[in-house]
Amino acid sequence: YRLSARLDGPTYAACAGHLQDLLCQECSPYAAHLYDAEDPSTPVRTIPGLCQDYCMQVWQKCRSIFRYLSADQELIALENNMAKFCRYLSLEDADYCFPHLLANQNLNQNLGLVTADTEGCLQLCLVEVANGLRNPVAMVHANDGTHRFFIAEQVGLVWTYLPDRSRLEKPFLNISEAVLTSPWEGDERGFLGIVFHPKFKFNGKVYVYYSVEVRYEERIRISEFRISAADVNALDHGSERIILEIDEPASNHNGGELLFGDDGYLYIFTGDGGMAGDPFGTFGNAQNKSTLLGKVLRIDVNNNDRGPLYQIPPDNPFLDDPKARPEIYAYGVRNMWRCSFDRGEPQTKEGKGRLFCGDVGQNKYEEIDIVEKGKNYGWRAREGFSCYDKKLCTNSSMDDVLPIYAYPHKMGKSVTGGYVYRGCESPNLNGLYIFGDFMSGRLMSLKEDGATGEWQYSEICMGTGQTCMFPGLINNYYQYIISFAEDEAGELYFMSTGIPSATAPHGVVYKVVDTSRRAPPGKCRVEPSPVKVKSKLIRFVPKEKLIVKTPTPRPRLKATAEAPRGGRPGPTTPRTPAVDWVDQAPPPPGNRSRTPTTPAPSGRAHKPRKGGERRGQRRKKKPPSTAPPLRNGAVRLMEQQGRGRSWGRVEVYIDGEWGTVCDDGWSSLAAAVVCRQLGFPYVVRASKKAEFGEGTSLRILLDDVQCFGQEKTLLECTHADVGTHNCSHEEDAGVVCSREEVADW
């Protein structure tokens, strides 16, 4: 309306519709293409890309409106030349020009689907939310309008985070002295779960699940805490009331999930007691309804300030069975690790209240279950769809419920249950159950077929190419997927680490993002309620980075020794094969391994500059004593077996010592500097992740190296202070050089 007010009557009648159409393209699902914003190397457009016929039509009658839409002086200068004007507003990719893209079937037929690669792997991106955590086992919100989130570490600390991702220096809860755990990698004991009461805003109650040792006996404990009267961002540590304790016969299979259902009751998920094969009693703990192990429990902790600490819901399924514990809601569980209630489809609420769980398998299969009241989920008779205890499995009285999905151990060996996405920001993910595997690092999804009720599996990959090339997005994560989470708005997160030890501060929290279709601007905006902060704030500093595959350069080669520069790959660019976790055994515990999502860059190097011959061609011999001393910035290539020739780990000489270079920011432009120093006119590729061995005997001297390709040494490139880094030798950088032009490596 503001712009339309500037138009006279005839112009308004002829052009107001065009004006509105052009303005509305900022909210188009294809806005990134229309404004050429998916390529960060192109200038920012102020007018969407227009199809030639449409542009000429608008130019003839309404070209005066563009001066109100854009302050681009170059565009305004072309206003009286239709050909140049419309060429300026055209797009290189004509499929995306407005308005023809609205009728382009190739673009619109899959508008409601997540982008997938040719193998059907859904390509998603991530946002780093928190880092430096010691095995982050849970992330929850208070559902009080503040949009704070609380992250629990296995050692027994819970931290408060504000919506801007800053962390409070004072922990929300610290019971690390009481929690039973150890630094052993894979120790399943510790602080395992936390949940806020649905009426936390009014009663200030929080419930936690953790391992303890009482008189040399290991137990799991469910306790209640209240918020501190002096600080809304801290629990009153003296308010703990033990709601329930259960003896654990072994150190593994401790369960750990706590949830409140829509019915207001507290759901507790216990393991079968540990060891292997549930060897306790005749049929195992999971099938024995007289024990609380291997179960889903449901209790009522409402109105418990006086009288018993919990009561039994009147509709619990085994109240009338004298041999069964009344707390039991479902049984036949091995070790359900991470469960969630479906919020339901945002408009229709279809699916609301379904309880999804990932149940960790024994020798062969991992499974996803939908838990219902009174049902038997089969363990130890069955593992996934397969019989484990054949005698029990053939017992017709079992009447066990099969999982909705099970996968073999060649795909992963420890399922981590997730959530059905019901958030706002990534509408194509709606209804997708997203989960993972702790051991393999695989991210997976299930989608229900509304007609058949069957669940369709799709793998999740990190976006390649330009999929995640937006500010703040990354496309890699650490392998050991510990847990999933929802924030107060329903957006999806997961937590993983590179070292699965309760004391290793390598845990990171990631937010899941689908760039194939984003919600309209402003639709998902939240207004957090103010919260009074008394503790010092620690601002969030992201550490993870986007891994970019260097595009294959265009066939036309310049005479230069530079590594290939950016540019959109042509249609003949070979697709990089996705990493197949099935064929890769997980690394040994303790390796700080990040899940590979984008292979190392590859690409042809450009020809050398004319007159840029290699030095060192002179035949005149000099005695060894006359060899010049090493200068700062000298480089050499090393392999595991010794000195490399045209490829190897990059080692740099600075102030009298050799050291390695971290691969953060390492690119073919930096590799070009190294290759040229060593007399090689061509770069085949830059290498990452210690491909040519780790230089553990040396210090890491350079990190965050960013080069333009013309520098004489790496020291002339921008880099962190010498000796300052945030990486390990597992990220040592390398190069592959050549004396001849070669095809893609």
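**Exercise 1.** In which loop is R380 found? State also the peptide bond that joins R380 to W379.

*Solution.* The model is predicted: local features need pLDDT of at least 70, side-chain atom pairs count only at pLDDT 80 or more, and totals for chains, interfaces and linings use all residues. Residues are numbered from 1 along each chain as its sequence is written, and side-chain values use heavy atoms, with hydrogens and water left out.

Step 1. R380 is in the loop between β17 and β18 (382–383). Helices (H or I, at least four residues) and strands (E, at least two) are DSSP runs, numbered from the N terminus.

Step 2. W379 and R380 are joined by a cis peptide bond, with omega about 10 degrees.

Step 3. Another cis bond runs from F98 to P99, where omega is near 5 degrees. P99 belongs to the loop between α6 and α7 (105–108).

**Exercise 2.** Describe how strand β16 (residues 355–359) is enclosed and which strands pair with β16.

*Solution.* Step 1. Buried means under 20% relative accessible area, exposed over 50%, and partly exposed in between (1.4 Å probe, protein chains only). Five of the five residues of β16 are buried, so the strand is largely enclosed by the rest of the structure.

Step 2. In a regular strand the side chains alternate between the two faces of the sheet. On one side of β16 are L355, C357 and D359, on the other F356 and G358, and all of them are buried.

Step 3. Two strands pair if DSSP finds at least two bridges between them. Strand β15 (residues 336–341) runs antiparallel to β16 and is joined to it by four bridges. Strand β17 (residues 365–371) is also antiparallel to β16, with five bridges, and a hairpin of five residues connects β16 to β17.

Step 4. C357 has C339 opposite it, and its bridge partner in β17 is D369.

**Exercise 3.** Find the buried side of helix α3 (residues 52–62) and the helices that pack against its buried residues.

*Solution.* Step 1. The buried residues of α3 are Y54, C55, V58, W59 and C62. They cover an arc of only 135 degrees around the axis, which puts them on the same side of α3; the arc is that of the directions from the helix axis to the C-beta atoms.

Step 2. Exposed Q60 and K61 are on the face of α3 turned away from the buried side.

Step 3. The buried residues of α3 pack against α1 (9–24), α4 (66–69) and α6 (82–88). Contact means heavy atoms within 4.5 Å.

**Exercise 4.** Place A324 in the chain and give its contacts.

*Solution.* Step 1. A324 is in the loop between β13 (295–299) and β14 (328–331).

Step 2. Its relative accessibility is 11%, so A324 counts as buried.

Step 3. Leaving aside residues up to four places away in sequence, A324 touches K289 and F318. K289 is 35 residues from A324 along the chain, yet their C-alpha atoms are separated by 4.7 Å.

**Exercise 5.** Compare the backbone and accessibility of R215 and D399.

*Solution.* Step 1. R215, in the loop between β8 (205–214) and β9 (217–227), has a positive phi of about 50 degrees although it is not a glycine.

Step 2. D399, in the loop between α9 (390–393) and β20 (405–408), is not a glycine either, and its phi is positive, near 50 degrees.

Step 3. R215 is exposed, with a relative accessible area of 66%. D399 counts as exposed at 66% relative accessibility.
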